[in-house]
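Let's take a walk through a protein model. Have a look at the sequence and the 3D view first, then read on.

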Amino acid sequence: MLISVLFFCVLLMVVKIMAYQNAIKNDSIWSRDNKCELTTYIPNYRPYGGIGRVLRLFSNQSFFVVYDAHGNKIKSSAWHFWQAQFSDSVAPEWHGQYAMYPTSEGWAGWKIPECG
């Protein structure tokens, strides 16, 4: 029984990782000086059938990634499980050096000096 539960948990984590790796780019916004891009992604659970639908119910609606002008990833909120992130009613924003994204507790984000 314990092995079955452990196997199921590992399976859920593998599906979650694959859904985040195959996420769909939803939107993006460049910083004021076009030094960095803040991109919104939606995890793609659709290819994983019933397990994907269940995981989608208990996962973030979206996650956010900051890239520099050359396309290198600087920051990501993908694995911030403690934050309920969304993007359907409020878009992420740039405030100078700060990349801000909406969560159920308010705004979260990062200070990224190279972007401001």
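What follows is a short tour, from the overall layout down to single residues.

## Before we start

This is a predicted model, so a few ground rules apply: local features need pLDDT of at least 70, side-chain atom pairs count only at pLDDT 80 or more, and totals for chains, interfaces and linings use all residues. Residues are numbered from 1 along each chain as its sequence is written, and side-chain values use heavy atoms, with hydrogens and water left out.

## The big picture

The protein has two helices and seven strands. These elements are DSSP runs numbered from the N terminus: a helix is H or I with at least four residues, a strand is E with at least two.

The C-alpha atoms fill a box of roughly 55 × 30 × 20 Å, taken along the principal axes. Of the 116 residues, 38% count as buried. Here buried means under 20% relative accessible area, exposed means over 50%, and partly exposed is in between (1.4 Å probe, protein chains only). The accessible surface comes to about 7,200 Å², and 59% of that belongs to carbon and sulfur atoms. Those areas come from the Shrake-Rupley method with a 1.4 Å probe, and for residues only the protein chains shown count as cover.

How about contacts, meaning heavy atoms within 4.5 Å: what share of them comes from residues 24 or more positions apart? Among contacts with a separation of 6 or more, the share is 45%.

## A sheet of four strands

Now find the open sheet, where four strands sit in the order β1-β2-β3-β4 with antiparallel pairing. Two strands pair if DSSP finds at least two bridges between them. At the edges are β1 (24-30) and β4, each pairing on one side only. Neighbouring strands here are turned by 25 degrees against each other on average, direction ignored. For such angles, axes are lines fitted to C-alpha atoms (for helices, over the stretch in contact), and the angles run from 0 to 180 degrees between N-to-C directions.

Zoom in on β2 and β3, which pair in the antiparallel sense over six bridges.

A search of the whole structure finds five aromatic pairs. Rings of Phe, Tyr and Trp (its six-membered ring) pair if their centres lie within 6.5 Å; planes under 30 degrees apart count as stacked, over 60 as edge-to-face and the rest as tilted. Why is the pair of Y20 and W79 stacked? The ring centres of Y20 and W79 are 4.8 Å apart and the planes are at 25 degrees, so the pair is stacked. This pair links distant parts of the chain, 59 residues apart: Y20 is in helix α1 (residues 2-21), and W79 is in the loop between β4 (73-76) and β5 (93-95). Y20 is buried at 7% relative accessible area, while W79 is partly exposed at 37%.

Another stacked pair is F64 with Y101, at 5.0 Å centre to centre and 25 degrees between the planes. F64 belongs to strand β3 (residues 63-68) and Y101 to strand β6 (residues 98-103), 37 residues apart. Both F64 and Y101 are buried. There is a cluster to look for too: Y20, Y41, F63 and W79 form one aromatic cluster.

## One disulfide

A disulfide is a pair of cysteine sulfur atoms within 2.5 Å, and by this rule the count comes to one. Which cysteines form it? They are C36 and C115, with sulfur atoms 1.9 Å apart. The link of C36 and C115 is left-handed, with -80 degrees about the S-S bond. C36 lies in strand β2 and C115 in the segment after β7 (106-111), so the pair ties together parts that are 79 residues apart in sequence. C36 and C115 are both buried, whereas C9 counts as partly exposed at 45% relative accessibility.

## A closer look at T40

Leaving out residues up to four places away in sequence, T40 touches several residues, including I24, S62, F63, F64 and P92.

How values were computed. Contact means heavy atoms within 4.5 Å.
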